[in-house]
Amino acid sequence: MKLGDHRLTLLLFGLTLAILGVMQGFFPAELAIPLPGSTIRPVLLLEFANTPDHLRHIFGEAGDPLRAARIEGMTTGNRLDYLLMPAYGLLTLSFFAGIARETGRAYWWALGWMGVLAALADAVENAIMFGIVDNFAAGSDAVGAMAILPLPVWTKFGLLAASCGGAAWAFIVLRRYVLAALSLPAALLFVPGFLDPFGFAPTSTSLIGLGWMAMAAHAASRLYRPVS
């Protein structure tokens with residue numbers, strides 16, 4: 001199988017789901033200390049953390065008996081994220097490679113590379129978060145690292161949202177309007193999520209998954225259809 005093969009796109013989608021499922025088994029399920037006015041998950045709060053107080057909300061105070069387990073679970077989940085990155089990056093690239101073949105237009109490849117660049121930004125993000133968590137566990141200052149964390153975080157989410165918008169465009173070209181409707185919200189709601197990271201971002205970022213589902217549904221529907 002090569003990039004653009006619908007079977008490969010489906011395989012990468014399945015792999016993405018499987019790795020996500022395994023990761024969720026390690027990440028802390030709830031904040032140690034609820035964040036007022038927010039239902040954000042611990043792993044997402046770590047991505048958006050900009051004060052040491054956010055880290056205490058995630059992992060708990062120094063005397064919390066579950067603090068060490070939360071730190072270990074977060075670290076393990078983020079290590080597994082390095083398996084997820086190539087899965088979703090190549091999923092996006094393979095989908096758009098398939099669109100390029102189907103339409104005979106090579107420019108779709110450029111949109112596919114957004115997923116790969118997002119995965120690279122994700123790798124940088126995780127490296128920074130490892131340092132933040134290590135400093136927090138050691139009682140050291142993590143403010144400097146938190147100051148640069150938003151750059152890779154929002155680069156990743158921005159590129160993934162844009163790739164979903166590109167998928168919606170492709171589906172409109174192909175007159176697959178239901179799939180376009182599934183893909184478009186991630187792109188349209190990126191800015192509101194960026195402006196409200198602790199309130200609306202958990203919803204807006206999760207909509208990227210709908211775009212991936214639309215990509216997989218398209219690939220599945222084309223499995224037995226010859227591409228000219």
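**Salt bridges and their surroundings**

Modeller: Glutamate 47 has a relative accessibility of 8% and therefore counts as buried (under 20% relative accessible area; exposed is over 50%, partly exposed in between, with a 1.4 Å probe and protein chains only). The model is predicted, so local features need pLDDT of at least 70 and side-chain atom pairs count only at pLDDT 80 or more, while totals for chains, interfaces and linings use all residues. Residues are numbered from 1 along each chain as its sequence is written, and side-chain values use heavy atoms, with hydrogens and water left out.

The partner of glutamate 47 is lysine 156: their side chains meet in a salt bridge, 2.5 Å from N to O (a side-chain nitrogen of Lys or Arg within 4 Å of a carboxyl oxygen of Asp or Glu). Glutamate 47 belongs to helix H2 and lysine 156 to helix H7, so this pair ties together parts 109 residues apart in sequence (helices are DSSP runs of H or I of at least four residues, strands are runs of E of at least two, and both are numbered from the N terminus). Lysine 156 has a relative accessible area of 6% and so counts as buried, as glutamate 47 does at 8%.

The search of the whole structure finds seven salt bridges. Another of them joins glutamate 102 to arginine 222, with 2.6 Å between N and O. Here glutamate 102 lies in helix H4 and arginine 222 in the segment after H11, so the pair ties together parts that are 120 residues apart in sequence. Glutamate 102 counts as buried because its relative accessibility is 17%. Arginine 222, at 8%, is buried too. Some salt bridges share partners, and these join Glu47, Asp122, Glu125 and Lys156 into one network.

Aspartate 5 is found in the segment before helix H1, which spans 6–24. With 14% relative accessibility, aspartate 5 counts as buried. Apart from neighbours within four places in sequence, aspartate 5 is in contact with Ser94 and Arg101 (contact means heavy atoms within 4.5 Å).

Finally, a word on one of the helices. H5 has 31 residues and reaches 47 Å from its first C-alpha to its last, close to the 45 Å expected at 1.5 Å a residue (the expected span is 1.5 Å times one less than the number of residues). Just after H5 comes glycine 139, which takes a positive phi of about 80°.
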